[in-house]
Amino acid sequence: MPFVRLSTLLPRDGNAGRVGNDVVLVLVVITALGFDFTNGFHDTGNAMATSIATGALGPRTAVAISGVLNLVGAFLSLAVAATIASGLVDTNLVTLTVVAAGLIGGIIWNLLTWLLGIPSSSSHALIGGVIGSTLAAAGGHAVKWHGLVSKVVLPACLSPIIAGLVAAIGTWLLYRISRNLTHAARNHGFRIGQIGSACMVSLAHGTNDAQKTMGVITLALIANGTLHSGANAPFWVILTCALAISIGTYVGGWRVIRTLGKGLVEIESPQGMAAESASAAVILLSASFGYSLSTTHVATGSIIGTGIGKKGAEVRWGVAGRMATAWVFTLPSAAVVGAAAYALAHAIGGTPGVIVDLVILLAVVGVIYWRSRGSKVDHNNVNDEWTGSVAPTEQPEPAAA
Amino acid sequence: MSWINLTALWKILVFGLIAGAGLPALFATGLFSLSRGPKTAAAAGDAEADIVVGGSVAGMVLAAICFLIILAAIGWGIYEVYQIGHPAPTPPAK
């Protein structure tokens, strides 16, 4: 692809080029933080859905606690940021336009799945977007396929299974050990434990998901020549990413919380605690190894596992199947949007290209937000009886007898 | 270059089971021993009774030990994650 080679010949620190670069860099950083925000509210449910569903925490309290712990978690580990920044694509071939287009792919897919109430992976949306735009810009050799498969695709397949196994064993143990407690005492006691385990998941989410945006901003800084290849995320990047994901979490993705808490399995508090403990353990362990796994996949695997581990519990496999389908499509779909965004920006060229891309992004965000108002899910109706749809159908008030 | 890091996989599985299923099981053990005692005995047969603290001293001590082990394990885990998660940056390639 000859047009790609041309762009690498352009001077990177010529005076005129420099100004354009800085404008684009600022836009990319803002877009990245915007993605981080969607990441926060898309994933609040991973930590808090089961606690909200069992009534261990009030909906508003739950999202507030989760927001704060995401902030703390973001500072806890930088291993995943390193994977994203330099483990997936050849940083020498990535330009700011590539990063911007990749982010656009991630945001659009994240918002679409949120609208449908599907807990898909924010991480895969982001990684898919970046890979798609890199492919469009520089071709297949710019993608580190080995890193992609070994650090993203395989963990994505294995992590829900491991988490589900741990949660199923945990659930079985909890019911076995507490079988002499009365139903009321058991639910009461485990609700307290559940608050602790839900907090651990929020913390784990911060160590994993906030890192991904840090990694992307670091990638942008490397692409701009501000940082050298292989550098760690600077402190201001860590801080702004931590804040963006924590505010996003606080806003609360009620649609996804509802699907996870009510749609998949009807959950009792011992199951909630088992699911959350399994999620937290698997996410924190994997983050330490630099695996950028999806907290969403892990949380869903755990919730299904806890349904399998309890005798007589019913897993709604239809809902689970719909989710799994969305998971498979997330990487390629976000990649297609990312590639299209790059192609458009490249056709227009330079700073205007990126700006046109972002204007289109804002328009799409506006349309999706407008659509979501039609079937509102918020902290008031998040726990309503599951009737097969994300937005609870209006229950007619029982006529006064 | 291998596609799958088996060492990491079994570590995640084993430590995942210990922390993700073992610690909640320990919590359940703590709850169980906390609920032992005269109050629970008095309410025996009442399926609606919501008695978390049963009143037995030995039970409470055992429960406290369980809960402390859990807190210590969580604290140690967070410390480990912090240690592993702040590697030295690779120096710029020349």
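Among contacts in chain A between residues at least 6 apart in sequence, what percentage join residues at least 24 apart? In this predicted model, the share of such contacts that join residues at least 24 apart is 89%.

## Overall make-up of chain A

## Helix α5 of chain A

Helix α5 of chain A covers residues 96–115, a run of 20 residues, and spans 29 Å between its first and last C-alpha atoms, which is close to the 28 Å expected at 1.5 Å a residue. Because 18 of its 20 residues are buried, α5(A) is largely enclosed by the rest of the structure. After α5(A) comes Gly117(A), a residue with a positive phi, near 70°.

## The surroundings of Thr249(A)

Thr249(A) belongs to helix α9 of chain A, which comprises residues 235–251. The residue counts as buried because it has 34 C-beta neighbours inside 10 Å, where 20 or more are required.

Leaving aside residues up to four places away in sequence, Thr249(A) touches Gly40(A), Phe41(A), Thr44(A), Val63(A), Ser66(A), Gly67(A) and Asn70(A). Thr38(A) is 211 residues from Thr249(A) in sequence, yet the C-alpha atoms of the two are 8.4 Å apart in space.

## Where chain A meets chain B

The contact between the chains involves 44 residues of chain A and 39 residues of chain B. On the chain A side, the elements that contribute two or more residues are α7 (145–177), α8 (183–223) and α11 (269–288). Sorted by class, this side of chain A has 25 nonpolar and 19 polar residues, with no charged residues.

## A helix pair in chain B

In chain B, helix α1 (residues 6–35) packs with helix α3 (residues 57–84) at an angle of about 160°, their axes lying 7 Å apart. The two helices are therefore roughly antiparallel, since angles over 145 degrees are counted in that way, and the crossing of α1(B) and α3(B) is left-handed.

Residues that α1(B) brings to this contact include Leu23(B), Leu26(B), Phe27(B) and Gly30(B), while those from α3(B) include Met60(B), Ala63(B), Phe67(B) and Ile70(B). By class, the contact of α1(B) with α3(B) is made up of 13 nonpolar and 5 polar residues, and no charged residues take part.

How values were computed: Residues numbered from 1 in each chain as written. Chains lettered and ligands numbered in written order. Predicted model: local features only at pLDDT ≥ 70, side-chain atom pairs only at ≥ 80, totals over all residues. Helix = DSSP H or I, 4+ residues; strand = E, 2+ residues; numbered from the N terminus. Buried ≥ 20, exposed ≤ 12 C-beta atoms within 10 Å, placed from the backbone. Contact = placed C-beta atoms within 7 Å. Expected span 1.5 Å × (residues − 1). Nonpolar A, V, L, I, M, F, W, Y, C, P; charged D, E, K, R; others polar. Axes fitted to C-alpha atoms, helices over the stretch in contact; angles between N-to-C directions. Parallel < 35°, antiparallel > 145°, perpendicular 65-115°, else oblique. Left-handed = near helix turned anticlockwise from the far one by under 90°.
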